[in-house]
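Here is a short tour of a model for you to follow on screen. Please have the sequence and the coordinates open side by side.

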Amino acid sequence: MGIEEKLPSGFMLTSVEVLAGYMRKASLWPATFGLACCAIEMMTSGAPRYDLGRFGMEVFRASPRQADLMIVAGRVSQKMAPVVRQVYDQMVNPKWVLSMGVCASSGGMFNNYAIVQGVDHIVPVDIYLPGCPPRPEMLINAILELHQQIQNMPLGVNREEAARAAEAAALKAIPTSQMKGLLR
Amino acid sequence: MADHNSNETSSDGGGWLSAFAPIAGFGVTFATMFTKVVTEQYPEQKVPTAPRFHGRHQLNRHPDGLEKCIGCELCAWACPADAIFVEGADNTEEDRFSPGERYGRVYQINYLRCILCGLCIEACPTRALTMTNEYEQLKGSTRAGLIFEKQDLLAPVLGGMIPAPHPMVPGTTEQDYYQGKVTQSVSEQQEWVDARHGEDEKAGKVESVKGGDR
């Protein structure tokens, strides 16, 4: 993305990682993007009672180009799926996706032809938050968990290594369709 | 007519004060500086939920530690989102998890499907499944991690309880458990558990307490 990607591995890169992580997590700007009832709870979280401004993220940006967190709040219909993907593609790196509510996470109780069975079919999801809808505390709790992920995000060479390790693990993993036993 | 009169009096009654009307709104804004702040400082100060808030489920135990779940699958049938998977099995004298014939061998709730509606709670015939006010475990970075299994859902072992499997309190029947006549575990049960634990150690089975590290 920037000069931080060009740094060689070592203690300097580690210090930049810590600093960049701290700054990124403390000024996360969500995109104004509500799909259903979960959006009401998302708005409540931004309102004075729960006040996401305490975590530096009260500005819900209307343009995805200014946002770096997509909170998928609500069920994603098949027709909405390309729109969700386009909003995600328009966001600038680094970007994160929070799947809020059971409908966005897995389709929830809408197990039918109209609803995408989990928004991870179309965009990579960093954190799942169940609930129907999750109360604002749960959203804040998930966002704080995401802050931890962002703080520990590797950069530059370390990032490439992590990506390679993740890919190797994904290639070795059993596909969900072939999973047997109790986890179904 | 009455409305018309009252309008006149109110517009006339302002006098020189009406000159300040346009900035009266600032007074309201200024006054809120002295009102109580409504913001809840969530991660630092947790405001308790309503007592009947539908949070994470819990699989309850009888007062002696046997499980209440009988593996009847009524919760799974009631679930509108098909989030619950139950597989029952027969209790035997060597492995008794619940009083009576059957127990829930596998119990999974997929929290990415569960809408926390509470229909499973209403369906449960033994009050084995209830809901807690806990909501902070409900988050995760993988879909598989949000399928909670039996060991994640079971109620904690309180004083007077011995974790299953162990036999029922001697001389009691299934009915006595449901009528509340069993109030805590007895020494015979503890002896049985100790004896079995000794056998397991002899046989080299290390694993006696399963899972629980989510």
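## Charges, fold and a strand

Chain A carries 17 positive and 15 negative side chains, with the centres of the two sets 6 Å apart. Lys and Arg count as positive and Asp and Glu as negative, leaving out His and the chain ends; each charge is placed at NZ of Lys, CZ of Arg, CG of Asp or CD of Glu.

A word on the origin: this is a predicted model, where local features need pLDDT of at least 70, side-chain atom pairs count only at pLDDT 80 or more, and totals for chains, interfaces and linings use all residues. Residues are numbered from 1 along each chain as its sequence is written, chains are lettered from A and ligands numbered from 1 in the order in which they are written, and side-chain values use heavy atoms without hydrogens and water.

Chain A has six helices and three strands, where helices (H or I, at least four residues) and strands (E, at least two) are DSSP runs numbered from the N terminus. Their order along the sequence is α-α-β-α-β-α-β-α-α.

In chain B, seven of the nine residues of strand 3 (residues 102-110) are buried, so this strand is largely enclosed by the rest of the structure. Buried means under 20% relative accessible area (1.4 Å probe, protein chains only).

| Partner of strand 3 of chain B | Bridges |
|---|---|
| strand 2 (residues 84-90) of chain B | seven bridges |
| strand 5 (residues 147-148) of chain B | two bridges |

Phe85(B) stands opposite Gln108(B), and Asn110(B) faces Ile147(B).

Terms used: Buried means under 20% relative accessible area, exposed over 50%, partly exposed in between (1.4 Å probe, protein chains only). Two strands pair if DSSP finds at least two bridges between them.
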